[in-house]
Amino acid sequence: MERTLRIGIFGCGSTTYELARRLLASGIEITDCITIDAIEADKQSASGYIELLPKMSEMGISVHVMDSYGLKGEEDRRR
């Protein structure tokens with residue numbers, strides 16, 4: 001029986017989008033993408049930030065937008 005590799009990815013930039021595109025093209029299923037919004041990216045000076053929600057959704061990947069870059073916020077830990 002052949003197994004399908006399924007992964008989740010973390011990121012908030014253009015490199016995350018490119019990684020997702022290439023993994024999907026290679027037959028690797030991405031189940032989830034964990035990211036931050038533009039306000040948090042600006043506060044953290046996140047290099048290469050892009051809004052991943054629409055891009056990942058178009059590729060059929062569930063997107064979870066976290067409240068904090070370090071994922072240490074109370075809401076982030078509950079997710």
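This is a predicted model: local features need pLDDT of at least 70, side-chain atom pairs count only at pLDDT 80 or more; totals for chains, interfaces and linings use all residues.
Residues are numbered from 1 along each chain as its sequence is written.

Select strand E1, residues 6–10, and strand E2, residues 29–36. Helices (H or I, at least four residues) and strands (E, at least two) are DSSP runs, numbered from the N terminus. E1 and E2 pair in the parallel sense over 5 bridges (pairing needs at least two DSSP bridges). From E1 the chain passes through H1 to E2 in a right-handed β-α-β crossover; right-handed means that, with the strands pointing away from the viewer, the path from the first strand over the helix to the second runs clockwise. Now pick Arg-6: its bridge partner in E2 is Glu-29.

**Thr-16.** Is Thr-16 buried or exposed? Thr-16 is buried because its relative accessible area is 6% (buried is under 20%, exposed over 50%, partly exposed in between, with a 1.4 Å probe and protein chains only). Leaving out residues up to four places away in sequence, Thr-16 touches Ile-9, Phe-10, Gly-11, Cys-33, Leu-52 and Met-56 (heavy atoms within 4.5 Å).

**The core.** Finally, select Ile-9, Ala-20, Leu-23, Ile-28, Ile-30, Cys-33, Leu-52, Met-56, Ile-61 and Val-63, the 10 residues of the largest nonpolar core (buried Ala, Val, Leu, Ile, Met, Phe, Trp, Tyr and Cys residues joined through side-chain atoms within 4.5 Å). H1, E2 and helix H3 (52–58) each supply at least two residues of this core.

Note on methods:
Side-chain values use heavy atoms; hydrogens and water are left out.
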